[in-house]
Amino acid sequence: TITYNYNNFGNNTYTISLIASNASGNSIVVTKTITVLAGPNANINPANQNSCLGSNPSTINVTSGGGGGGGGGGTAVYNYSWSTGASTQSITVSPTLTTIYTCVITATNGCSISRTSTITIVQASIVIGSVPANICPGTSSTLTANGSGNGPFTYTWSNAANTQNISTNVAGVYNVTVTNSSNCSAVQSYSLGTSNTLNLTTSSNPSTLCIGNGTNLAIATLS
């Protein structure tokens, strides 16, 4: 058995002839007709997309470019089989993790192709710290927000500041919204506390003295 592989066929009908030769001469001509069917011509949109966690659902659509439909030059008719189990031309998805969706497109002539779409989930997260963690009356603290994920980031504080750091001398709860380069946002709250006022009283013995004499000073109470 002699096998010859050839795969450089276009969409057409081909006649292949074979003649075998040896020292005794040539064989009769053997011909074979091969019909190559056109495969589906389809694209998927979007092929890649970033999506924020918890954002609106994403729609993935297969667009037809014609071909392989067997419709005599009309609009191609395809069957769709998605990895989600759907059989429609488009699907709507809301993944919580980065997911690859695959669609097998089959023409009426039985030829098929597959297309994939990757939905990448992008999250924004934020950590807030303050120095010092608590403030005393008359002092201030600097609050710093640090975003993580796809930068650069923008910051919006509940006191209307839009910088990464804010300085305040007022205790309370501060909220900050961070938005990353994919337009995904996260909100974090931070409670800035107060330190107790230090109360100090002293005593002296004696409390009245003459020039040249001494007295003992002591802390009476500290709270």
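**Talking through the strands and cores**

Modeller: Among contacts in the protein between residues at least 6 apart in sequence, 45% join residues at least 24 apart. Keep in mind that this is a predicted model.

Biologist: Okay. How many helices and strands are there in the protein?

Modeller: Zero helices, and 20 strands.

Biologist: And what share of the residues is buried?

Modeller: Of the 223 residues in the protein, 23% are buried. The exposed surface comes to about 14400 Å², and carbon and sulfur atoms supply 50% of that.

Biologist: Let's talk cores. Which residues touch the most other members in the largest nonpolar core?

Modeller: That core has 18 residues, and the ones touching the most other members are L143, A145, Y155, W157 and V176. At least two residues of this core come from each of β12 (125–131), β14, β15 (154–157), β17 (172–179) and β18 (185–194).

Biologist: Pick V176. What is V176 in contact with, leaving aside its neighbours within four places in sequence?

Modeller: Quite a list: I126, I128, A145, Y155, T156, W157, A186, V187 and Q188. There's also another core lying apart from that one, with 16 residues, including I44, I60, V62 and V93.

Biologist: Switching to sheets. What is the strand order in the open sheet of four strands?

Modeller: The order is β6-β11-β10-β8, and the pairing is mixed. β6 and β8 (78–82) are the edge strands, each pairing on one side only. From one strand to the next, the twist averages 25°.

Biologist: How many bridges join β10 to β11?

Modeller: Eight, with β10 (residues 99–107) and β11 (residues 112–122) running antiparallel. One of the bridge pairs puts T102 with T116 in β11.

Biologist: What does C52 contact, leaving aside neighbours within four places in sequence?

Modeller: V122, S182, N183 and C184.

Biologist: And how far is C52 from S94, C-alpha to C-alpha?

Modeller: 10.0 Å in space, though the two are 42 residues apart in sequence.

Biologist: Now S58, please. Which strand is S58 found in?

Modeller: S58 is in β7, residues 58–64.

Biologist: It's a serine, so I'm curious. Why does S58 count as buried?

Modeller: S58 counts as buried because its relative accessible area is 6%, and anything under 20% goes in that class.

Biologist: Which side chain does S58 make a polar contact with?

Modeller: The side chain of Q49, at 2.8 Å. Not counting residues up to four places away in sequence, S58 touches Q49, S51, I91, T92, V93 and I119.

Biologist: Last topic: β16. Which residues are on its covered face and which on the uncovered one?

Modeller: β16 spans residues 165–168, with I166 and T168 on the covered face, and N165 and S167 on the uncovered one.

Biologist: In what sense do β14 and β16 pair?

Modeller: Antiparallel, over four bridges, with β14 covering residues 141–148.

Biologist: And what stands opposite N165?

Modeller: T144 does. β14 is also one of the strands that each supply at least two residues to the 18-residue core.

Note on methods: Residues numbered from 1 in each chain as written. Predicted model: local features only at pLDDT ≥ 70, side-chain atom pairs only at ≥ 80, totals over all residues. Heavy atoms only, no water. Buried < 20%, exposed > 50% of the residue type's maximum accessible area, 1.4 Å probe, protein only. Pairing = 2+ DSSP bridges. Contact = heavy atoms within 4.5 Å. Polar contact = N/O pair within 3.5 Å; in protein donor to acceptor, adjacent residues only side chain to side chain. Core = buried A, V, L, I, M, F, W, Y, C linked by side-chain atoms within 4.5 Å. Axes fitted to C-alpha atoms, helices over the stretch in contact; angles between N-to-C directions. Areas by Shrake-Rupley, 256 points an atom, 1.4 Å probe, with all protein chains shown as cover.
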